[in-house]
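Subject: Structure handover

Hi,

Here is the structure I promised to pass on. My notes on what turned up follow below it.

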Amino acid sequence: MARRPGVGCLWLALSCVLFAAPVAANEATEPSSAEPSATELIEGLLSGRAPVGGPFELTDQTGHRRTDADFRGKLVVLYFGYTYCPDVCPTELQSISLALDRLGAAAQAVQPLFITVDPERDTPARLADFVSSFHPRLIGLTGSVAEIRKTAIAYRTFFAKQSNAAPGDYSVDHTGFIYLIGKDGQYQGFLPPGLAPDAIADAIRTRLQLD
Ligand code: NI
């Protein structure tokens, strides 16, 4: 039961993003900004009309540079979030980890990835502690702010810092879709936030059979 509020919060946050974004867009007066709005990112993903995914080069929790090509031959299960996330990210990563456990030996064909949307705080060392608390095969990826932004936008993930009361403290609003990337590196689709581990396992199993 303790998990439910977190999942609810996520949908609420997503709704807020959808409804709040047009106002924010009107307020934004910088003509040079080529960054897509939250609405554009989400609508493109949900409608299936926009391209999703593509090449990336980031740094893993051991400090090694990794590219999307490193994961060819595996079904990649990708989640964007941040280690300081109070409830939603841990819940989703726990669900993904349980789903992998339920797949048994078939999980060897799956590579779970966690890409931070908070690269300034999520160093490789911090990611190492975080990912190992969920699943031994979970790889955490961070990078420069520009690298993370480019990768998140490519996957049509929206994120934005929100200042908290304490000076220097902040949270990061972000969308929480789970992306499936085929063994050939091509984007296959997304899973909505808040799915139970069994549902995630079913989706992965189906995808593995199609691949
Ligand atoms: Ni989160």
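Start with His 174: it has a relative accessibility of 11%, so it counts as buried, the limit being under 20%. Please keep in mind that this is a predicted model.

His 174 belongs to the metal site. A nickel ion is coordinated there by Cys 85 through SG, Cys 89 through SG and His 174 through NE2. The distances run from 2.1 to 2.2 Å. Along the chain the donors are spaced as C-x3-C-x84-H. Distant parts of the chain are linked here: Cys 89 sits in helix 3 (residues 88–103) and His 174 in strand 7 (residues 170–174), 85 residues apart.

The two cysteines are buried as well. Cys 89 has a relative accessible area of 0%, and Cys 85 has 8%. As for disulfides, the structure holds zero.

Now the charged pairs. The whole structure contains 13 salt bridges. Among them:

- Arg 66 bridges to Asp 60 at 2.9 Å, N to O. Asp 60 is buried, at 2% relative accessibility.
- Arg 66 also meets Asp 70, at 3.2 Å, N to O. Asp 70 is partly exposed, at 41%.
- Arg 126 pairs with Asp 122 at 3.7 Å, N to O. Arg 126 is partly exposed at 30%, whereas Asp 122 is buried at 0%.
- Glu 57, Arg 65 and Glu 147 form a salt-bridge network.

Best regards

Key. Residues are numbered from 1 along each chain as its sequence is written. This is a predicted model: local features need pLDDT of at least 70, side-chain atom pairs count only at pLDDT 80 or more; totals for chains, interfaces and linings use all residues. Side-chain values use heavy atoms; hydrogens and water are left out. Donors are N, O and S atoms within 2.8 Å of the metal (3.2 Å for Na, K and Ca); water is not among the atoms, so sites may look incomplete. Helices (H or I, at least four residues) and strands (E, at least two) are DSSP runs, numbered from the N terminus. Buried means under 20% relative accessible area, exposed over 50%, partly exposed in between (1.4 Å probe, protein chains only). A disulfide is a pair of cysteine sulfur atoms within 2.5 Å. A salt bridge is a side-chain nitrogen of Lys or Arg within 4 Å of a carboxyl oxygen of Asp or Glu.
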